[in-house]
Amino acid sequence: VLCGLRGTTRLNRFLTAKSSVTGFVYLRSTHFDGHQSFTNVSSTFATGAPQTFEAGLSDSEIAAVPRLRAEVSLSINPTTVFSVEVFYILDAWWNMSTVDNPTVQVVQGPFDVDVIDHPARIGSDDLYQHFIGARTSYRF
């Protein structure tokens, strides 16, 4: 845990609001070994046979992954022993590892040309998770 805040506010005799925010930072070490093969079927018209291309590569990356978890809830306490709570949780991760595959574009012309924007590599992606729910508690 890098940092966090938690708070509770009693709105009246029956209602209580709670909130918490927690921040984390993780270190990720990612290694990617990949092998690709793809066939250009549209080149059959120019050459008489489909062309097959193959590529192998590896990539490594070390990066920080920040995470934020925020929770907000409202609790109704009709009696001293029973309560009902509704909550919302946001769990956000940034800079997660993913495979960034190339995009192959075929340029039409006298001879078909394959254009690859980049080789496969380690990419980053963000992940957002949302949770909505309710809890009940009975104290005895």
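**Close-up views of rings and their neighbours**

**View 1. R67 sits over the ring of F24.** R67 lies over the face of F24, 4.9 Å from the ring centre. A charge counts as over a ring if NZ of Lys or CZ of Arg is within 6 Å of the ring centre and within 35 degrees of the ring normal. This is a predicted model, in which local features need pLDDT of at least 70 and side-chain atom pairs count only at pLDDT 80 or more, while totals for chains, interfaces and linings use all residues. Residues are numbered from 1 along each chain as its sequence is written, and side-chain values use heavy atoms, leaving out hydrogens and water.

**View 2. F24 and Y26 form a stacked pair.** The structure holds 4 aromatic pairs. In this one, the ring centres of F24 and Y26 are 6.1 Å apart and the planes meet at 15°, so the pair is stacked. Rings of Phe, Tyr and Trp (its six-membered ring) pair if their centres lie within 6.5 Å; planes under 30 degrees apart count as stacked, over 60 as edge-to-face and the rest as tilted. Is F24 buried or exposed? F24 is buried, at 16% relative accessible area, and Y26 is partly exposed, at 34%. Here buried means under 20% relative accessible area, exposed over 50%, and partly exposed in between (1.4 Å probe, protein chains only). Ring pairs also link F24 and Y26 with W93 into a cluster.

View 3. W94 belongs to strand β4 (residues 82-100) and Y128 to strand β7 (residues 121-138), so the pair ties together parts that are 34 residues apart in sequence. W94 is partly exposed at 28% relative accessible area, and Y128 is partly exposed at 44%.

**View 4. R135 sits over the ring of F87.** Look for R135 over the face of F87, at 4.1 Å from the ring centre.

**View 5. The whole chain puts the close-ups in context.** The chain has 1 helix and 7 strands, running β-β-α-β-β-β-β-β from the N terminus on. Helices (H or I, at least four residues) and strands (E, at least two) are DSSP runs, numbered from the N terminus. Of the 140 residues in the chain, 22% are buried. Among contacts (heavy atoms within 4.5 Å) between residues at least 6 apart in sequence, 60% join residues at least 24 apart.
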